[in-house]
Amino acid sequence: MSAFDVVVIGSGPGGYVAAIRCAQLGFKTAIIEKYSTLGGTCLNVGCIPSKALLDSSHHYYDAVSHFKEHGIDISGEIKVNIEQMIARKASVVDQNVSGIKYLMDKNKITVFEGLGSFEDATHIKVSKADGSSEILEAKNTIIATGSKPSTLPFIKIDKQRIITSTEALKLTEVPKHLIVIGGGVIGLELGQVYLRLGAQVSVVEYLDRIIPGMDAGLSKELTKVLKKQGMKFYTSHKVKSVERNGGVVVQAENAKGETITLEGDYALVSVGRKAYTEGLAADKAGVKISDRGLVEVNDHLQTNVPNIYAIGDVIKGAMLAHKAEEEGVFVAETLAGQKPHIDYNLIPGVVYTWPEVAAVGKTEEQLKAAGIEYKTGSFPMKALGRSRASGDTDGFVKILADAKTDEVLGVHMIGARVADLIAEAVTAMEFKASAEDIARMSHAHPTYAEAVKEAALDATEKRSIHM
Ligand SMILES: Cc1cc2nc3c(=O)[nH]c(=O)nc-3n(C[C@H](O)[C@H](O)[C@H](O)COP(=O)(O)OP(=O)(O)OC[C@H]3O[C@@H](n4cnc5c(N)ncnc54)[C@H](O)[C@@H]3O)c2cc1C
């Protein structure tokens, strides 16, 4: 029987990062992954393939919609080759997952391919595809088994026409009418991919706005821009049924009790994700799973069994790759006797539509609810030289700062490349910067980042230069 200081179950961004940090800290480490490729949801069917398709479809959309105004004439018809687009995405995924294999080897982490299930608190069985199995002895275990798409009780996902994000990443045709159920990040990103490629896209959302967890100002602006691009929205609509009729028929009810019927060829069910612990046999180790299916952990990410920890999508909190990564490092360092810390308020949230949406810290709604007095500074992208040069003039940056101390409490952005710009806000907030601190820093000209400085100037003394 092989024995390890740490066994990590699941090789997503939580698991593989935890394994690397454990190995760096000198632990004899193993990782178990039930699939033949490492990297979990994020690399195989999440972050990376969705961004590959967003980038490809963006190129096509630019060629069709913007090249002409930039003085680029293309003779002949510009066509989508969906097979090539999906093949390129697959090759991007391959490069990334083999990168993880390389990192495992480099860090001398033993990789086991198979389903990991507890025998007891210190023994884990690896059941392999060929029917054989092996028992590992683990001083400590990190559960990083992630999540799977969830659905509504009355919807039967057939993976052909009624699909989840996993199938939407490998369609063999551009839908004529894609009905997206759920106006959150995943639905909007994949909806925009197919919108750009020529599909009609309708988004049905139960709440009164899309990206409901983010600042209402971002939600309003994104709705406006996506509508302009042709996406249709049915907010405050509760989906009642999703049926096959060759294609799909979706029925939803609005607040007045009126029913609408949408007919399409695909329905993408993107109503969130649920923690995944199937086959883990957590009960054999005595690990508590909550009513919602999450592995329960304390502030040290330790389960009720002292030598078993859990991280990432399988525990409470935002389902984000970088949150899972931070937690992986946190547990490894805790096991090494260090005193790590994660400030969950400073985990940024990003939507990779175009314009991109990014935020960190508190929203206006949260500050109001908490009774915190704040001031607002904002700056529209259209007033930037860089935005005019590229033609990406939608969006704004908004900074919320404490009314008395000027400390930055939240930064909310929509516009070109804000997924990258949000890092400045995270850095500033990590160091407890005031809006004036940001306002006094030099920002290269011309860049989209100047909108951050201008919004900070606006928050400081309403003295932005270019507005
Ligand atoms: C379409 C889509 C787009 C996304 N885009 C982004 C994005 O842009 N940015 C972002 O931050 N997040 C994004 N996410 C979310 C992100 O993918 C997850 O938050 C992240 O993957 C969670 O990491 P994890 O390590 O907790 O779990 P996962 O990545 O889900 O990995 C868990 C792994 O554990 C394995 N496993 C499960 N049970 C067992 C077992 N018993 N034995 C062995 N192996 C097991 C699974 O096979 C899987 O490989 C996206 C998700 C989707 C679906």
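Which residues in α3 meet which residues in α4?

Author: The model is a predicted one, and the account below should be read accordingly. In α3, the residues I48, P49, A52, L53, S56 and S57 meet M85, I86, R88, K89, V92, V93 and N96 in α4. Sorted by class, this contact of α3 with α4 comprises eight nonpolar, three polar and two charged residues.

The geometry of the pair comes next. Two packed helices are described by the angle between their axes and the distance between the axes. For α3 and helix α4, which spans residues 82–106, the angle is about 140 degrees and the axes are 9 Å apart. Angles over 145 degrees count as roughly antiparallel, and α3 is therefore oblique to α4. The two helices make a right-handed crossing.

Helix α3 (residues 47–65) also packs with helix α6 (residues 185–196), at an angle of about 30 degrees and with the axes 9 Å apart. Because angles under 35 degrees count as roughly parallel, α3 is roughly parallel to α6. The crossing of α3 and α6 is left-handed, whereas that of α3 and α4 is right-handed. On the α3 side, the contact with α6 is made by S50, K51, L53, L54, S57, H58, Y60 and Y61; on the α6 side, it is made by E189, L190, Q192, V193, Y194 and R196. These residues divide into seven nonpolar, four polar and three charged. L53 and S57 take part in the contact with α6 and also in the contact with α4.

A polar side-chain atom of H322 is 3.3 Å from an oxygen atom of the ligand. For P13, a backbone N or O atom lies 3.4 Å from a ligand oxygen atom, and for S147 a polar backbone atom is 3.5 Å from one.

Helix α1 (residues 13–24) and helix α9 (residues 321–335) have axes that come within 7 Å and cross at roughly 30 degrees. The two helices are therefore roughly parallel to each other, and α1 passes α9 in a right-handed crossing. P13, G14, Y16, V17, A18, R21 and C22 of α1 make this contact with A321, A324, E325, G328, V329, A332 and E333 of α9. By class, there are nine nonpolar, two polar and three charged residues in the contact of α1 with α9.

Some features of the backbone complete the account. Most residues other than glycine have a negative phi, and most peptide bonds are trans. K159, although not a glycine, has a positive phi of about 65 degrees; K159 is placed in the loop between β7 (147–149) and β8 (162–163). A cis peptide bond, with omega about 0 degrees, joins W354 and P355, and P355 belongs to the loop between β18 (349–351) and β19 (356–361). The bond from H445 to P446 is also cis, with omega near -5 degrees. P446 is found in the loop between α13 (435–439) and α14 (450–461).

Key: Residues numbered from 1 in each chain as written. Predicted model: local features only at pLDDT ≥ 70, side-chain atom pairs only at ≥ 80, totals over all residues. Heavy atoms only, no water. Axes fitted to C-alpha atoms, helices over the stretch in contact; angles between N-to-C directions. Helix = DSSP H or I, 4+ residues; strand = E, 2+ residues; numbered from the N terminus. Parallel < 35°, antiparallel > 145°, perpendicular 65-115°, else oblique. Left-handed = near helix turned anticlockwise from the far one by under 90°. Contact = heavy atoms within 4.5 Å. Nonpolar A, V, L, I, M, F, W, Y, C, P; charged D, E, K, R; others polar. Polar contact = N/O pair within 3.5 Å; in protein donor to acceptor, adjacent residues only side chain to side chain.
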